[in-house]
Amino acid sequence: MSLQNRVDPFGNIFRTSARGMMMGNRGGALHNADREIVRRYKSRRWIACVLEFRGRHRIVMSPNRYTELFFLDEAVAFAAGHRPCAECRRERYNAFKGAWKRVHGQDELPLADDMDLELHPTRIANGKRSHMKRP
């Protein structure tokens, strides 16, 4: 049976055998010892990563480790409220910061924490994602 670790554009975590092109997390372990999702997020640090980086390998949903989440592609990760990882996706992260600076009319590039502080309330508004209108 497939693990419940795929994310749709509305930020919902669901179960499917479909593979994603990106991985990410929501700041910590969302799963229990039985590898079942027990919370929507652990912190406001919601990131989207590449599937392979520097030869690192992980066992998905390892005990006491962050929950690996998978997205169809970058557009789904963004729609779900995740931003690019500053480590494995540095170029996309820098582009994201540059776009943020322009849109917000800031003089300086934002820090990750500043972006996450602003993004997080909309991710969890009323227990639902609010970046997109539901069909």
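User: So a crossing is left-handed if the near helix is turned anticlockwise from the far one by less than a right angle, and right-handed if clockwise. Which kind is it when α2 passes α3?

Analyst: Left-handed. Helices (H or I, at least four residues) and strands (E, at least two) are DSSP runs, numbered from the N terminus. Keep in mind that this is a predicted model, where local features need pLDDT of at least 70 and side-chain atom pairs count only at pLDDT 80 or more, while totals for chains, interfaces and linings use all residues. Residues are numbered from 1 along each chain as its sequence is written, and side-chain values use heavy atoms, leaving out hydrogens and water.

User: At what angle do the axes of α2 and α3 cross?

Analyst: Roughly 65°, and the axes come within 11 Å. Helix α2 is residues 90-104 and α3 is 112-124. The axes are lines fitted to C-alpha atoms over the stretch in contact, with angles from 0 to 180 degrees between N-to-C directions.

User: Which residues meet there?

Analyst: On the α2 side, Y93, F96, K97, W100 and H104; on the α3 side, A112, M115, E118 and L119. Contact means heavy atoms within 4.5 Å. The set splits into six nonpolar, one polar and two charged. Here Ala, Val, Leu, Ile, Met, Phe, Trp, Tyr, Cys and Pro are nonpolar, Asp, Glu, Lys and Arg are charged, and the others, Gly among them, are polar.

User: New topic: how many salt bridges does the structure hold?

Analyst: Nine, each being a side-chain nitrogen of Lys or Arg within 4 Å of a carboxyl oxygen of Asp or Glu. One of them joins R56 and E87 at 2.8 Å, N to O. That pair is 31 residues apart, with R56 in the loop between β4 (47-49) and β5 (69-71) and E87 in the loop between β6 (83-84) and α2.

User: Why does R56 count as partly exposed?

Analyst: Because its relative accessibility is 47%. Buried means under 20% relative accessible area, exposed over 50%, and partly exposed in between (1.4 Å probe, protein chains only).

User: What about D116 and R123, buried or exposed?

Analyst: Both are buried. D116 also forms a salt bridge with R123, at 3.5 Å between the closest N and O atoms.

User: Where is N25 found?

Analyst: In strand β3, residues 22-25. N25 counts as buried because its relative accessibility is 8%. The N25 side chain reaches the backbone nitrogen of G27 at 2.8 Å.

Conventions. Polar contact = N/O pair within 3.5 Å; in protein donor to acceptor, adjacent residues only side chain to side chain.
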